[in-house]
Amino acid sequence: MREEYTIAPGKIVVRGKLHAREAAKSADYVLFLKPGLPLAVVEAKDNNHSLGAGMQQAHGYADRLDVPFVFSSNGDGFLFHDRTVTSGDIERELTLDEFPSPDELHRKWLAWKGIEPDTAARQVVEQDYYFQGKELRYYQLQAVNRTVEAVARGQNRALLVMATGTGKTFTAFQIIWRLWRSKRAKRVLFLADRNILIDQTRVNDFKPFGTAMTKITNRTADPAFEIFLAIYQAITGTEDAQNIYRDFSPDFFDLIVVDECHRGSAREDAQWREVLDYFKGAVQIGLTATPKETSDTSNITYFGEPVFTYSLKQGIDDGYLAPYKVVRIDIDKDVAGWRPEDGKTDKHGQVIEDRIYNQRDFDRGLVLEQRTKLVAERVTQYLKESGDRYAKTIVFCQDIDHAERMRSALANENSDLVAENRKYVMRITGDDAEGKAELDNFIDPESRYPVIATTSELMSTGVDAQTCKLIVLDQSISSMTKFKQIIGRGTRINEEHGKFYFTIMDFRRVTELFADPDFDGAPVVIYTPGPDDPVDPPDDPATPGSGDPTVTDPPDVQPDPPGQRTKYVVGDVPVELVAERVQYMGPDGKLITESLTDYTRKRVHDAFPTLDAFLTRWNQTESKQAIIDELREQGVFFEALAEEVGKDFSPFDLVCHVAFDQPPLTRRQRADNVRATGYWAKYSAKAQATLQALLDKYADEGFEPDHDARVLQIRPFIDIGTPIEIVVEFGGKVGYDSAVEELEQHLYGKAQ
C-alpha cells in the first residue's frame with residue numbers, strides 16, 4: 001500500500017522568463033500486488049463529503065495507472081467502482097469491513113488481464129521489476145506492464161510509442177529484464193541505429209545485465225552471451241558475408257527490441273528488415289516517438305497498433321517534459337527570394353545562374369554570407385538578453401559546410417568567450433573526429449564546454465541533451481518525424497541545472513509544422529521579433545499559476561568535394577529582418593487573447609475559418625475594400641494592427657500574416673513584383689500610365705485598385721486624361737474592369 005503516491009509532478013507554466021509548477025497529481029492510496037503492479041486506487045475525503053465525492057478524481061488516477069478497481073471513501077464506508085464488471089451494477093456501496101481482500105482483487109485482476117491462474121503466462125506477468133535506483137513513472141509502468149502482458153498472452157509483435165525524453169530505453173530495459181528473468185526470453189537482441197545509442201544504453205540503463213551482455217563489434221558475435229546489443233549496420237550489409245546475423249540459427253533469439261524503429265522498420269525494403277524476417281519466430285518489439293514515417297509507409301503496418309502511447313502533449317501536461325517557447329524570425333530574402341542581376345559572379349568568380357533563389361536554396365545551392373552572419377548575431381543576441389550565455393545551444397544547419405560556416409560566424413560574434421575557451425562553439429558533425437569527441441562533453445550536465453554546437457544530422461536524434469535550453473532551426477525540414485526528433489533534443493527537464501523549459505529559434509519557418517494535426521504538443525509562446533525588437537521574448541507581467549571501428553555513425557549531409565562546386569558563395573548581398581508578431585499559448589494549447597494580434601486572429605477566424613476561405617472570397621470579390629470594411633465591422637482595427645505589426649503592410653498581408661501565419665510582403669514589394677513582370681506592354685501609353693499610377697497609389701497610400709472608376713477623377717489620373725478618355729484607352733468600361741482585375745491578380749498572385 002502506497003500513500004500519497006505521486007502520479008505526475010505537475011505541469012510547468014511559463015510566462016516570460018518566469019516559471020512555476022502546477023500542483024502535483026497524487027493519489028491518496030494505491031494498492032499494489034507487488035512493486036510495479038498496481039491493482040486499485042483509493043481516494044479519501046473527510047466525512048463532510050459524500051461517499052463518492054472522490055470518485056471522479058480517482059478515475060483519473062486509475063486511468064493513468066491502468067487499474068480496474070477504483071474506490072472513494074469518506075471514512076464511513078466505500079463506493080466501489082469495478083471495471084471488471086460487464087453486466088449489472090458497476091458501482092456499489094461497501095461498509096468498512098466489506099472492503100475486498102488482496103486475494104479477491106488479485107483473482108479478479110488476473111481475469112481482467114485474460115491470464116489464467118497457475119500458468120506460465122501468470123509467471124511472466126507477475127515477474128518482478130528491477131528496482132534499484134530510480135523508480136518508474138506511471139506511464140513507464142503502464143508501458144512495461146502492457147507489453148509484458150501482450151507477450152504473455154502470445155502476441156509476437158508490439159509497438160510502443162513514447163515521446164522523446166520519456167525514457168524509452170529505460171522502459172525497454174524493464175521489459176527485457178522481466179521477460180528474461182521469467183525465462184520467456186532467454187536470448188535477446190537489442191537493435192539501434194547509432195553507436196552512441198548502443199554505448200549509452202550499455203553503460204547506463206542496461207548495466208544490471210552485467211556479464212550476460214555483449215555488444216556485437218567487428219562483425220563477430222560470441223553466442224555464449226544472452227543479451228546482445230548491436231547497431232543495424234554492424235550485422236547487415238550489401239554482401240552476404242556482411243550479414244553476420246545469419247551466423248545464428250533463426251530460432252536463436254527469443255526477443256528482439258528495435259529502438260527508434262521509425263527509421264527503417266516501416267519500409268519493406270529496408271535492409272535490416274531482413275533481420276526481423278530471419279528471426280521471425282522471436283517476439284519483436286518496436287520503440288518509437290513517431291509511429292508514422294510517411295503517408296504510405298508506417299511501422300504500425302509491421303508491428304500492429306501500439307500497445308501503449310505516451311505523447312509529447314501528455315508529457316508536458318504531466319510535467320515530465322519541458323514546455324517551450326518559439327521565436328520566429330523571418331529574413332527578407334527568405335520571404336521574397338533573391339534574383340542575381342545579369343552576369344553577377346560569386347566570390348570565386350563563378351557566374352551565378354539566373355533564377356529566383358528561395359529559402360530552400362540558401363546554404364545548399366547558394367550561400368548568402370550576410371545571412372549566416374545575421375543568424376549568428378540574433379542567436380548571440382538572444383543568449384545575451386536571456387542572461388545566460390552558457391545555455392547549451394544546438395544550431396541545426398543545412399549540411400556540414402553550413403555547420404562550419406555557422407561555427408565560424410558564432411565564434412566571431414562571441415569572440416570574448418571563445419578567447420577564454422576555444423570550445424565555446426564547436427561543430428559536431430559525423431565527419432569531424434574532434435567535434436564528435438566533444439559530443440559527450442556537450443550532453444554532460446556537469447561540463448561547461450562546448451556551449452554552442454553546430455550540426456546538421458548527427459545530433460538530430462538519440463542525443464540525450466538534458467540541459468539544452470536553445471534549439472536553433474536554420475535547416476529546411478519537412479518531415480514530421482525528423483521535426484519531432486529535433487524538438488526532442490530539448491524536452492528533458494533538469495531542475496538541478498535550472499532547465500525547466502527551452503526555446504526554439506526558427507529561421508526557416510519549420511515551426512509551421514506545429515499546425516500539423518500529427519503534432520501533439522503546442523508551444524507555450526510563439527514570438528517573432530521585429531528588426532529592432534529584443535530576440536528574447538519580453539517578460540509577461542502575469543504571474544505563473546500554481547565504438548564499432550568497422551562501422552561509423554550515419555554521416556551528416558556532406559559538402560561538395562573540391563573541384564565540384566555546386567554552391568555559389570555571395571558576400572555582398574545585404575539581408576534584413578521583417579517585422580512580425582507575438583503570440584502566447586494558454587494551458588490548453590490554444591492562443592490566449594492578450595494582444596491586438598491575438599484579438600485580430602480570433603475576429604478574422606470568426607469570418608474566415610481557414611486561409612483558403614479568405615483567399616477564395618478575396619479573389620472572387622470585385623471590391624477588396626468591401627472585405628476590408630466588413631472586417632472592420634467585425635472588430636478588426638487595421639490602423640492599430642499596422643502600428644504593432646508594420647505600417648507598410650496592406651490589410652491583405654496583415655490578415656494573412658496575423659490570422660494565418662503567412663509571411664508578409666510590404667505594399668512596395670508587391671508593387672515592385674508586378675512592375676518586374678512588365679505584363680502591361682500590350683496596352684497603350686495612357687493605359688500603361690494609368691496602371692502605373694494605380695500601383696503607385698497602392699504602394700504609397702494603401703489604396704486598393706478596385707473597379708470604381710471614380711478614382712480616375714483625382715490626381716494623378718486627371719493629368720493622364722479625363723475619366724472617359726482613360727476608360728476608352730482600355731476599350732470601354734468592361735475592358736477597364738478586366739485590366740483592373742488582371743492587375744489585382746498580379747498584385748496578390750492567383751493563389752493569394
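**Aromatic pairs and a loop glycine**

Phe228 and Phe253 are both buried. This is a predicted model. The ring centres of Phe228 and Phe253 lie 5.3 Å apart, and their planes meet at 85°. An angle over 60 degrees counts as edge-to-face, so this pair is edge-to-face.

Now widen the view. The structure holds 47 aromatic pairs. One of them joins Phe71 and Phe78, again edge-to-face, at 6.3 Å centre to centre with 80° between the planes. Phe71 and Phe78 are both buried.

Rings can also join into a group. Ring pairs link Tyr130, Phe173, Trp177, Trp180, Phe190, Phe206 and Phe209 into a cluster.

Next, look for charges over rings. Arg187 places its charged end over the ring of Phe252, 4.4 Å from the ring centre. Arg448 lies over the face of Tyr390, and here the distance to the ring centre is 3.8 Å.

Finish at the glycine. Gly678 is in the loop between helix 23 (667-677) and helix 24 (685-701). Is Gly678 buried, exposed or partly exposed? Its relative accessibility is 29%, so Gly678 counts as partly exposed. Gly678 and Gln688 are 10 residues apart along the chain, and their C-alpha atoms are separated by 9.8 Å.

Key
Residues are numbered from 1 along each chain as its sequence is written. This is a predicted model: local features need pLDDT of at least 70, side-chain atom pairs count only at pLDDT 80 or more; totals for chains, interfaces and linings use all residues. Side-chain values use heavy atoms; hydrogens and water are left out. Helices (H or I, at least four residues) and strands (E, at least two) are DSSP runs, numbered from the N terminus. Buried means under 20% relative accessible area, exposed over 50%, partly exposed in between (1.4 Å probe, protein chains only). Rings of Phe, Tyr and Trp (its six-membered ring) pair if their centres lie within 6.5 Å; planes under 30 degrees apart count as stacked, over 60 as edge-to-face and the rest as tilted. A charge sits over a ring if NZ of Lys or CZ of Arg is within 6 Å of the ring centre and within 35 degrees of the ring normal.
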